[in-house]
Amino acid sequence: MPSGTSRGLLRVLGIDPGLTRCGVGVVDVAPDRSATLVHVGVVRSDPGSPIEERLALIAAGLRAVLDAHEPDVVAVERVFAQHNRTSVMGTAQASGIALLVAGERGIAAATHTPSEVKAAITGYGNADKRQVQTMVARVLRLAELPQPADAADALALALCHAWRGAPATGAASGPLTPAQRAWADAERLSRR
């Protein structure tokens, strides 16, 4: 399957890192910021397995997605401080694996904070999971909300990354979505 760039699109793999469930979402985004779903899923590992096996499973799952969909860029959720050290450690380890597999392939990678992603998708940095899922479904014209939430978060990461690099004005095939308008407005204000 050809990469997004060869079709005039940016193909982004979004990764919501986690040890038990690592969300993956691939989207193609046009210069006018319209987006199409390519793939969505979750790479799972058994919490009862040794850590090295779990990380190897995540790496293998991410490599399979890279092989199947050939993204132009990888966007990973940036690890942030949590009260639960075990949870943040697992997220950090899975994030490192995601960045490693991108690096192995020579694919550019970027990280985005959860609030940055929420603001890009919903226009509100403190949006809840349901709001993110709803906007992702709307932007990608999906009949149902993407499930589980890890998969929706991965799609949101991919969209956030693509929109940050896309022109903020001039939709060629239609108007910007409310989230795209909010993002363009925020970018304009930040340049002042």
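In the predicted model, Val136 touches Ile121, Pro146, Ala152, Leu155, Ala156 and Leu159, with residues up to four places away in sequence not counted; contact here denotes heavy atoms within 4.5 Å. Because the model is predicted, local features need pLDDT of at least 70 and side-chain atom pairs count only at pLDDT 80 or more, whereas totals for chains, interfaces and linings use all residues.

The largest nonpolar core comprises 23 residues, of which Val12, Val27, Val29, Ile121, Val136, Leu140 and Leu159 touch the most other members. At least two residues of this core are supplied by each of β2 (21–29), β4 (73–77), α3 (114–122), α4 (129–139) and α5 (149–165). Its largest share, eight residues, comes from α5. Another core, of 21 residues, lies apart from it and includes Val24, Ala59, Val74 and Ile97. A nonpolar core is a set of buried Ala, Val, Leu, Ile, Met, Phe, Trp, Tyr and Cys residues joined through side-chain atoms within 4.5 Å. Buried means under 20% relative accessible area, exposed over 50%, and partly exposed in between (1.4 Å probe, protein chains only).

Helices (H or I, at least four residues) and strands (E, at least two) are DSSP runs numbered from the N terminus. Of the 192 residues, 46% count as buried. The accessible surface comes to about 9200 Å², 55% of which belongs to carbon and sulfur atoms; areas follow the Shrake-Rupley method with a 1.4 Å probe, and for residues only the protein chains shown count as cover. Among contacts between residues at least 6 apart in sequence, 62% join residues at least 24 apart.

The five strands form an open sheet of order β3-β2-β1-β4-β5 with mixed pairing, where two strands pair if DSSP finds at least two bridges between them. Since β3 (35–44) and β5 stand at the edges with a single partner strand each, one side of each is left without a neighbour in the sheet. Neighbouring strands are turned by 20 degrees against each other on average, direction ignored. Axes are lines fitted to C-alpha atoms, for helices over the stretch in contact, and angles run from 0 to 180 degrees between N-to-C directions. Helix α1 (residues 51–69) lies across β1, β2, β3 and β4, and runs at about 155 degrees to β3.

Strand β4 is largely enclosed by the rest of the structure, because five of its five residues are buried. Val73, Ala75 and Glu77 cover one side and Val74 and Val76 the other. Four bridges join β4 to the parallel strand β1 (residues 10–16), with Val12 opposite Val73. Five bridges pair β4 with β5 (residues 108–112), also in the parallel sense, and Val74 has Ala109 as its bridge partner. By contrast, β1 and β2 pair in the antiparallel sense over seven bridges, Leu10 being the bridge partner of Val29.

Arg11 lies in β1 and, at 3% relative accessibility, counts as buried. Its side chain makes a polar contact with the side chain of Asp28 (2.7 Å), and a polar atom of the Arg11 side chain lies 2.9 Å from the backbone oxygen of His69. A polar contact is a pair of N or O atoms within 3.5 Å; within protein, one must be able to donate a hydrogen and the other to accept it, and residues adjacent in sequence count only if both atoms are side-chain atoms.

Notes
Residues are numbered from 1 along each chain as its sequence is written. Side-chain values use heavy atoms; hydrogens and water are left out.
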